[in-house]
There are 2 protein chains.
Amino acid sequence: MKATGVVVEYNPFHNGHLHHLRETRNATGADIVVAVMSGHFLQRGEPALVSKWSRTRMALEAGVDVVIELPYCFATQHAEIFSRGAISLLDSIGCESFCFGSEDGDIDTFEKTVVFIEANRERYNTYISGFIREGMSYPSALAKAFQTLVSGDSVIDLSKPNNILGFHYMEARNQIHSSLKAYTITREAAGYHDQHFSSPSIASATSIRKNIFSSEGDHKIDSYLPSTSVDQLTQYQLEYGGFHRWENYWTVLQYKLLSSSKEELKEIYEVEEGIENRMKECVKTSTSFEEFMTKLKTKRYTWTRLQRMLLHILTNTRKEEMRHRHASASYIRLLGMNKMGREFLHSKKKEMPLPLISKLSSANQSEIELDVRAAEIFSLGLKNAAARKKLLHQEWSQPPVMI
Amino acid sequence: MKATGVVVEYNPFHNGHLHHLRETRNATGADIVVAVMSGHFLQRGEPALVSKWSRTRMALEAGVDVVIELPYCFATQHAEIFSRGAISLLDSIGCESFCFGSEDGDIDTFEKTVVFIEANRERYNTYISGFIREGMSYPSALAKAFQTLVSGDSVIDLSKPNNILGFHYMEARNQIHSSLKAYTITREAAGYHDQHFSSPSIASATSIRKNIFSSEGDHKIDSYLPSTSVDQLTQYQLEYGGFHRWENYWTVLQYKLLSSSKEELKEIYEVEEGIENRMKECVKTSTSFEEFMTKLKTKRYTWTRLQRMLLHILTNTRKEEMRHRHASASYIRLLGMNKMGREFLHSKKKEMPLPLISKLSSANQSEIELDVRAAEIFSLGLKNAAARKKLLHQEWSQPPVMI
């Protein structure tokens, strides 16, 4: 059985993802698709709309064969660390290839770009640090350094979000000396961050979430999602009383910022350069997460970077805890599988260099600690105390989803 | 001007307090009554019903001349440390005496008891440790040790809550070598912890609070409170949207317990003997503060002791922060005064051995840090975000209440 991997958030799973899934099977000729999916918290430093279990079900019902979790220590990071975690997991579980969507759509250009950067690594890094010193944010510095370096050459456009991710997947693959074959397919219609619907059936996850929150309970999103996703969203709302977003965590974030000393905040991962002082000031005058973020925002920090810092503050993730974790994945957490997926895992299990966790209680507790804490804190985003308790326990009681 | 001191919580100020105030003036012949009042959090490890500012107003309107704050590091402690803080503040502000309500009502018996215990300190302590080793709670061990020691002698009954407090006030006075003269008056009608009304005009604060929460918005408590207190309570509810109680802090307490490691919890003041493990377990299966407390409770710990631990966890008060604080008071925080009170303070100001703080911004910030943090966290007990912001800022913006 030939397996290929995809790196996903599925927040929520929509028609664009379905399209990507079909194209992935076509391009790679794989029998099995393994999705490495972020858990409850996502790369932009936000909670997912619904739990990882609900999103796993969406994925399986749409045809994914195996879903594994991208641990918190990778899922909530910038592209480099994020990619290292994701690609090493796909490599460990026994995929032969991986396939990503990109604006560029041509894998040879990606290969060429990675080789080019590797050959010019030193100059590239010098440019980046230079631009950061000039006050640029990290992503802007990266893109600008790249532009400066490659002027005239035919390489990919690293100002496009999916190109950036793809580039880092390929770079990660080379760095861990993996033999995974890379594929890319052109991303259709909706841009990554589009907030408005521009096609009759394809819309970005951002615009879908925006629509969900602008009219909670009365979605007009059915044409952009497979019906199985719509069912999962409806079910989640019924069962847990609503969806998750940063505003739901505002009180506990406010509490954490007020109750922690500056010294304690400085121990949190990514909190640097005295931003803790600004946070402690702004939190006192804000009445919502949105208002707080607006007050906190400066040119120096991107919205995403601030959200990630705040997420690590929310989950009390300290620098010292992350240090030894984000170097490489140390376990494969199984979230769900279909019949084909089960056969695939059975055939590969003995060769896997990492433990495959399907029951939390039998895992190395100190290794999974961050994921468990993130899951427990995610549950606090529900208003109803009974629903909250149920979701908190799901982290322990839920076996891998099987369909 | 002769001043006498009283030690109070006024949660809320009721007719029993009014009676005590009048009797205090009669007994001591003082022109001025200074109340040292707990801030937002109280001795039993609970939030006060309404803010210290509202309770200060109740006190002044009922005839108290000066209200100063008993800092968090004393107010939330067992009788010994609580009394040390309160009595040393009354001594520092220039009172000549203090007066407390007690079940016994005879000051000579108190004097005799304190002398007796001081003469038998060693045996007394041995008994206490013995009873604690047998599994008794600290307050029970204290009462039992006392009983064992004094059998046959005519001393006060230390199983009565007001007698215990009074005894500790007198002991504190001797320990700090204060010349404060002590008075006691018999406590009328309602017992300290009575939950039911038993007199037409006097009821315990416990029963009044119980009634307030059992029918929020429709109080039948008017006959037990001066009309000025009723007005304050009504005003508070209108202005801040409700009263404070532990249940309002349940989500943030749950968050704190879930997000903190056992090592972090062990650094919190009063958290000892592995109770942090029990807390982390019980919090996962509880949907309310009441349910959590019921699960946590064992014979070994009194309800009050557990509530105090949880309060220090809520306010993130670490052992290392308390160590140098509860030895003695280092500032006098003025909460309010009437005209007479202002004259009194003016006449005494130069002799005070401690700084009198009437404006928070001009105080030593590291000294008042715990009180400020407690006040900010207290504000999170309000549902409405704007009311919360208003209350949080009151800690900084409110000058002493003047009437």
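Which residues in α6(B) meet which residues in α7(B)? In this predicted model, the α6(B) side consists of B:R123, B:Y124, B:Y127, B:I128, B:F131 and B:I132. Facing these residues, α7(B) supplies B:Y138, B:A141, B:L142, B:K144, B:A145, B:T148 and B:L149. Sorted by class, the contact of α6(B) with α7(B) comprises ten nonpolar residues, one polar residue and two charged residues. Helix α6 of chain B covers residues 121-133, and helix α7 of chain B covers residues 138-150. Their axes come within 8 Å and cross at roughly 135°. The two helices α6(B) and α7(B) are therefore oblique to each other, and their crossing is right-handed.

A further helix pair in chain B is formed by α13 (residues 275-284) and α14 (residues 289-296). The angle of packing is about 135°, and the axes lie 9 Å apart. Because of this angle, α13(B) is classed as oblique to α14(B). The crossing of α13(B) and α14(B) is right-handed. From α13(B), the contact involves B:R278, B:M279, B:C282 and B:V283, while α14(B) contributes B:F292, B:K295 and B:L296. Five of the residues in the contact of α13(B) with α14(B) are nonpolar, none is polar and two are charged.

The corresponding elements of chain A were also examined. Helix α13 of chain A spans residues 275-282, and helix α14 of chain A spans residues 289-296. These helices pack at an angle of about 135°, with their axes 10 Å apart. It follows that α13(A) is oblique to α14(A). The crossing of α13(A) and α14(A) is right-handed. On the α13(A) side the contact is made by A:R278, A:M279 and A:C282, and on the α14(A) side by A:F292, A:K295 and A:L296. The contact of α13(A) with α14(A) holds four nonpolar residues, no polar residues and two charged residues.

The fold of chain A as a whole can be described next. Its secondary structure comprises 19 helices and eight strands. Along the principal axes, the C-alpha trace of chain A spans about 55 × 50 × 45 Å.

The relation between the two chains was then considered. Chain A is superposed on chain B by a rotation of 180° with 0.0 Å of shift along the rotation axis, and the RMSD is 0.0 Å. This rotation therefore corresponds to the relation of a two-fold axis. In chain A, the C-alpha nearest the axis belongs to A:V252, at 2.8 Å from it.

Contact between the chains involves 21 residues of chain A and 21 residues of chain B. On the side of chain A that touches chain B, at least two residues are supplied by each of α11 (250-259), α18 (365-379) and α19 (385-397) of chain A. The largest share of that side, six residues, comes from α11(A). By class, the residues of chain A on this side divide into eight nonpolar, nine polar and four charged. Of the interface residues of chain A, 100% are also interface residues in chain B, so the copies meet through the same surface.

How values were computed. Residues numbered from 1 in each chain as written. Chains lettered and ligands numbered in written order. Predicted model: local features only at pLDDT ≥ 70, side-chain atom pairs only at ≥ 80, totals over all residues. Contact = placed C-beta atoms within 7 Å. Helix = DSSP H or I, 4+ residues; strand = E, 2+ residues; numbered from the N terminus. Nonpolar A, V, L, I, M, F, W, Y, C, P; charged D, E, K, R; others polar. Axes fitted to C-alpha atoms, helices over the stretch in contact; angles between N-to-C directions. Parallel < 35°, antiparallel > 145°, perpendicular 65-115°, else oblique. Left-handed = near helix turned anticlockwise from the far one by under 90°. Least-squares fit on C-alpha atoms with pLDDT ≥ 70 in both.
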